[in-house]
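Subject: Structure handover

Hello,

Here is the structure we discussed, followed by notes on what was found in it.

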Amino acid sequence: MNYEGEKNTMKTITIKQPWATLIMQGDKRFEFRNWQTAYRGELLINAGKSIDKYLPKELPLGKILGKVRLVDCIKMSPEFKEELLKENRDIYTKSSFKENYGWQVDNVQIFDEPIEAKGHLSLWEYNI
């Protein structure tokens with residue numbers, strides 16, 4: 001139940017393009033970060049305003065594209081990296097694997113209309 005003036009928020013993460021779109025297409029199941037999170041649950045995917053220089057494309061920028069469910073945060077290891085390369089070499093070879101953790105997502109839900117939103121560092125709250 002919402003009380004007048006109370007806001008609902010959702011955890012959100014800002015991701016450079018084309019990685020945000022690849023997650024929303026279901027082609028990329030892991031987002032890589034230098035830090036781990038104990039959070040599990042629904043997570044909005046915000047396409048940042050920059051595009052990774054290695055993969056320029058016409059993609060939405062500065063918009064929340066949809067939501068996923070964050071299901072795990074896995075410490076990177078040589079074995080895990082090898083597993084990812086076997087899963088999708090085209091996507092995961094572009095990653096530097098300098099990050100320490102792979103955030104596993106599933107249950108992708110693309111919004112019909114992306115929502116304009118300024119990105120932020122770390123996990124942040126979006127008022128819905």
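In which strand is T14 found? T14 belongs to strand β1, residues 9-17 (strands are DSSP runs of E of at least two residues, numbered from the N terminus). This is a predicted model, in which local features need pLDDT of at least 70 and side-chain atom pairs count only at pLDDT 80 or more, while totals for chains, interfaces and linings use all residues. Residues are numbered from 1 along each chain as its sequence is written, and side-chain values use heavy atoms, leaving out hydrogens and water.

T14 counts as buried because its relative accessibility is 17% (buried means under 20% relative accessible area with a 1.4 Å probe, protein chains only). Not counting residues up to four places away in sequence, T14 touches R33, N46, G48, G119, H120 and W124 (contact means heavy atoms within 4.5 Å).

Strand β2, residues 30-33, is covered on both faces. F30 and F32 are buried on one side, E31 and R33 on the other. In a regular strand the side chains alternate between the two faces of the sheet. β2 runs antiparallel to strand β5, residues 101-116, and four bridges join them (two strands pair if DSSP finds at least two bridges between them). The bridge partner of F32 in β5 is G102.

Regards

Note on methods:
Buried < 20%, exposed > 50% of the residue type's maximum accessible area, 1.4 Å probe, protein only.
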